[in-house]
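Please look over the structure below before reading on. This briefing covers its overall build, its surface and its salt bridges.

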Amino acid sequence: MKIKHIFLLILLNGFTLSISAQNNAPKAFQFAEHQTKLLLTETAKTKTAAAKPNLLSPRTLNTNGDLVIVSPKDWCSGFFAGNLWFLYEYTGNKFWKEQSEPFTAVMEAEKTDGGTHDMGFKLYNSVGNAYRLTHEQKYKDDIIQAAKTLITRFNPTIGCIKSWDHRKEWKFPVIIDNMMNLELLFEATKLSGDSGFYKVAVAHANTTLKNHFRVDNSSYHVIDYDPETGKVLHKQTHQGFADSSVWARGQAWGLYGYTMCYRETGNKTYLQEAEKIAKYIFSNPQMPADLVPYWDYDAAKLGNQPRDASAASIAASALYELSTYSKNAKVYKKTADKILNSLATKYQPQPDSARGFLLLHSTGHKPANSEIDVPIIYADYYYLEALLRQKRLADKKPVINAAGHLKN
């Protein structure tokens with residue numbers, strides 16, 4: 001069955017989008033401004049109470065409902081700065097620029113941290129958005145240096161960037177999440193003229209395409225490689241239900257990552273892969289009617305499983321961009337509109353609650369009993385990005401990336 005027909009069946013199965021649902025941005029950003037002011041206050045209070053000056057950014061709520069803030073070393077540390085930049089972008093209010101800058105300045109120091117593959121999440125989502133909106137030279141320099149640091153983790157024999165260090169169970173683990181860090185490398189080539197970053201990104205995308213995906217176009221979470229030979233040693237999970245299962249956020253990372261890779265390279269293989277992943281996600285019989293998935297598609301069969309709003313917001317953002325490249329544009333856009341409408345009507349907290357987060361019901365790492373059915377900062381980040389993309393499509397305006405190039 002063609003992708004378009006599958007999506008049409010889903011969208012017609014009890015769903016009617018109202019006119020207002022097709023532009024969620026005005027109400028959602030009004031709510032986001034209100035909530036984020038609260039989150040700024042709660043972050044400052046929590047930092048003072050903890051007496052730990054290295055803590056920076058809000059990440060989630062603990063089981064008692066208390067705010068959890070993290071240091072710049074944490075992979076989630078760059079998202080809040082990005083959220084503040086998104087608020088500045090939408091409103092044009094300098095208040096949000098002023099709030100963004102200190103959170104971004106702290107992240108700049110992470111550009112030389114070679115112990116993590118999460119340079120994109122940390123630096124590009126904070127400093128990258130700062131450069132895109134201000135074009136300040138220091139942010140450009142930071143992006144290039146962060147990319148230089150990231151490629152030190154690349155193994156040419158394998159053709160991938162290593163994800164985690166110091167894991168006894170794996171020699172050279174590569175996770176599907178790592179696709180999200182490639183945008184930093186593509187950007188660095190544009191900003192510096194050095195094609196080496198581009199080549200590493202393409203190699204990583206190609207190797208991941210070859211080894212991470214099953215016949216049905218779902219992906220494994222972790223592939224472990226032999227660093228000496230490049231041979232695949234294990235295909236496993238870390239945050240999913242089982243090695244053979246389909247972790248919901250991992251599928252969203254793949255959808256977003258290959259859509260972005262098509263934008264940056266024009267390689268139609270990446271576009272086709274993004275469409276295949278979208279088909280898998282939205283034709284999955286375990287996908288709930290509101291298009292906000294359970295944390296793992298196979299675990300969902302057991303019943304009584306938590307949702308993952310972060311997977312939904314990532315997928316929505318990806319679908320808006322994918323709609324600008326694909327023949328299935330209308331279907332992808334309607335699907336993304338549907339997701340945003342669900343998030344806005346069923347997953348937002350009441351104003352002045354949830355310590356200022358924007359979305360409830362995300363799941364971080366269920367096998368570790370961590371961050372289950374709570375707000376998580378990256379869900380908010382991709383929700384705001386998706387809202388901005390929805391608005392740009394409604395306004396028929398292109399998205400501009402950090403280097404000033406088109407980014408839908």
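The points below are grouped by topic. The model is predicted. The chain contains 13 helices and 9 strands. Its radius of gyration is 20 Å, close to the 22 Å that the globule rule gives for 408 residues, so the chain is as compact as a globular protein of that length.

**Overall build**
- The C-alpha trace spans about 50 × 50 × 40 Å along its principal axes.
- Among contacts with a separation of 6 or more, 66% join residues 24 or more positions apart.

**Surface and charge**
- Of the 408 residues, 59% count as buried.
- The accessible surface is about 16,000 Å², and 50% of this belongs to carbon and sulfur atoms.
- There are 49 positive and 40 negative side chains, with the centres of the two sets 5 Å apart.

**Salt bridges**
- The structure holds 26 salt bridges.
- One of them joins Glu321 and Arg263, at 2.7 Å from N to O.
- Glu321 is in helix H11 (residues 309-322) and Arg263 is in helix H9 (residues 248-265), so this pair ties together parts that are 58 residues apart in sequence.
- Glu321 is buried, at 1% relative accessible area, and Arg263 also counts as buried, at 14%.
- Glu321 and Arg263 belong to a network of salt bridges that also links Glu183, Lys190, Glu264, Glu385 and Arg389.
- Asp298 and Lys301 form a salt bridge with their closest N and O atoms 3.3 Å apart; Asp298 is partly exposed at 22%, while Lys301 is exposed at 56%.
- Lys162 and Asp165 meet in a salt bridge at 3.6 Å from N to O, and Asp165 is partly exposed at 25%.

Notes
Residues are numbered from 1 along each chain as its sequence is written. This is a predicted model: local features need pLDDT of at least 70, side-chain atom pairs count only at pLDDT 80 or more; totals for chains, interfaces and linings use all residues. Side-chain values use heavy atoms; hydrogens and water are left out. Helices (H or I, at least four residues) and strands (E, at least two) are DSSP runs, numbered from the N terminus. The radius of gyration is taken over C-alpha atoms; the globule rule is 2.2 Å times the number of residues to the power 0.38. Buried means under 20% relative accessible area, exposed over 50%, partly exposed in between (1.4 Å probe, protein chains only). Contact means heavy atoms within 4.5 Å. Accessible areas come from the Shrake-Rupley method with a 1.4 Å probe; for residues, only the protein chains shown count as cover. Lys and Arg count as positive and Asp and Glu as negative; His and the chain ends are not counted. The place of a charge is taken as NZ of Lys, CZ of Arg, CG of Asp or CD of Glu. A salt bridge is a side-chain nitrogen of Lys or Arg within 4 Å of a carboxyl oxygen of Asp or Glu.
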